[in-house]
Amino acid sequence: MSNVRASQLDLFNNASKMTPNLARVAKTSIVFTNHYGHISWSLPAAASLLTSQYPFSHGLLQRYSLNGNLTTLPEILKINNYTTIAFTSGGDWRKIYGLGQGFDIFDDNDKSIIFTGSLQRTTKHAVEWLRLNGKKKFFMLIQGYDAHCPYMIPKEIPNWISKEAITQIDNYNNSIDNSLCIIGYKNEHGAYDAYYVKNVTFDPRFAVLSAVNVSEEDIAHMVDLYNLEIAYVDYLIGNFISNLTKLNFTNNTLVIITSDHGESLGKHGILHRAGTTRGVMYDEVLRTPLIIMHPYFNKPKTIKALVQSIDVMPTILDFLNVSIPAEASGVSLVPLIKEDVDRLHDYIFAGGNFT
């Protein structure tokens, strides 16, 4: 997932009632309630996930390409006879940035340079691949931008969304254009200096900013739409896991659900993460879900210890009895899961090189 912050899920917010599928998954999974990423935008976050390196270590802090000398998770698994596949939605999750390193197949919807690609497409292709190739040992990465701005009503509204919630969205006064991303900061007078971002592409130099007045009502509407998009993410994940069950994968497959970063949406006077330009390092952006479905750890388990995105790679390798590379900066979470230890980190690092 992209842009999904932990606080919006039922797992972390009892008032949400927006993500019942993930809540159901949690009943047979390991849930980390204090999982943090390392930066406020997708490309370096993706590189950290795949290399177990902090952003300053892997160096992919602008839209260039990942250092080919770095070892990635799919490279390690490929050496260990796993077929490696990725289905992503373009944008920052593209092969041109070196993220395809080690993948046998990297379907990045490469014509999509904007951040609107859906899990609907990527999970569909993933299920098709599994039907044809499921007997192989495989590592598969699936990504989508459903919760990314611009915040709009999704193609399908999950049936658990109340009529009141839809009515509240429908009754909005339409004072802002929901088809565009909006960035901005609260000024010393308590108002927002806000701008539409037009021509959103992979290169922020081509973006066009246009001033817009934004009220607290507008922000509340954006949050409503954001929550609705996260509900749609939950719907798609639920469908995918249902397909895994029908295809008999859940009894022998490790499934990890996480997000590269969250979103501000008015918290701390910030409308957006400021991505590559200024960066936002508050909890709303860095604290993201981490759920591990393991066929042999199928009782609900909640872990409150501090963990981080670069721990995911060592954890996967540890579960598979594959050696963890010495250059990995993260550590395996398996000792936490087995309760051999009660913590692994006293703190985590986050940061980037912003323009």
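Student: What makes the link between the side chains of His345 and Asp311 a polar contact?

Tutor: A polar contact is a pair of N or O atoms within 3.5 Å; within protein, one must be able to donate a hydrogen and the other to accept it, and residues adjacent in sequence count only if both atoms are side-chain atoms. His345 and Asp311 meet through their side chains at 2.8 Å, so the pair falls within that limit. The side chains of His345 and Gln308 are joined by a polar contact too, at 3.5 Å. A word on the source: this is a predicted model, where local features need pLDDT of at least 70 and side-chain atom pairs count only at pLDDT 80 or more, while totals for chains, interfaces and linings use all residues. Residues are numbered from 1 along each chain as its sequence is written, and side-chain values use heavy atoms, with hydrogens and water left out.

Student: Why is His345 called buried?

Tutor: Its relative accessibility is 13%, and buried means under 20% relative accessible area (exposed is over 50%, partly exposed in between, with a 1.4 Å probe and protein chains only), so His345 counts as buried. Setting aside neighbours within four places in sequence, His345 is in contact (heavy atoms within 4.5 Å) with Leu306, Val307, Gln308, Asp311 and Val331.

Student: How do you know that Cys149 and Cys181 form a disulfide?

Tutor: Their sulfur atoms are 2.1 Å apart, and a disulfide is a pair of cysteine sulfur atoms within 2.5 Å, so the pair qualifies. A search of the whole structure finds one disulfide. The torsion about the S-S bond of Cys149 and Cys181 is about 95°, so this disulfide is right-handed.

Student: What does the pair of Cys149 and Cys181 tie together?

Tutor: Cys149 lies in the loop between strand E5 (138–142) and helix H6 (163–170), and Cys181 in strand E6 (residues 181–186), so parts 32 residues apart in sequence are tied together. Helices (H or I, at least four residues) and strands (E, at least two) are DSSP runs, numbered from the N terminus. Both cysteines are buried: Cys149 has a relative accessible area of 4%, and Cys181 has 6% relative accessibility.

Student: Why is the pair of Phe103 and Phe139 called stacked?

Tutor: Rings of Phe, Tyr and Trp (its six-membered ring) pair if their centres lie within 6.5 Å; planes under 30 degrees apart count as stacked, over 60 as edge-to-face and the rest as tilted. For Phe103 and Phe139 the centres are 6.1 Å apart and the planes at 25°, so the pair is stacked. Both Phe103 and Phe139 are buried.

Student: And what makes the pair of Tyr347 and Phe349 edge-to-face?

Tutor: The angle between the planes is 80°, with 5.6 Å centre to centre, so this pair passes the cut-off for edge-to-face. Tyr347 is exposed, with a relative accessible area of 54%. Together with Tyr54, Tyr347 and Phe349 form one aromatic cluster.

Student: How do you know that Lys137 lies over the face of Tyr82?

Tutor: Lys137 is at 4.3 Å from the ring centre of Tyr82. A charge sits over a ring if NZ of Lys or CZ of Arg is within 6 Å of the ring centre and within 35 degrees of the ring normal, so Lys137 meets the distance limit.

Student: Why is His148 called buried?

Tutor: His148 has a relative accessible area of 9%, so His148 is under the cut-off for buried. His148 lies in the loop between E5 and H6 and, not counting residues up to four places away in sequence, touches Asn3, Phe115, Glu229 and Arg273.
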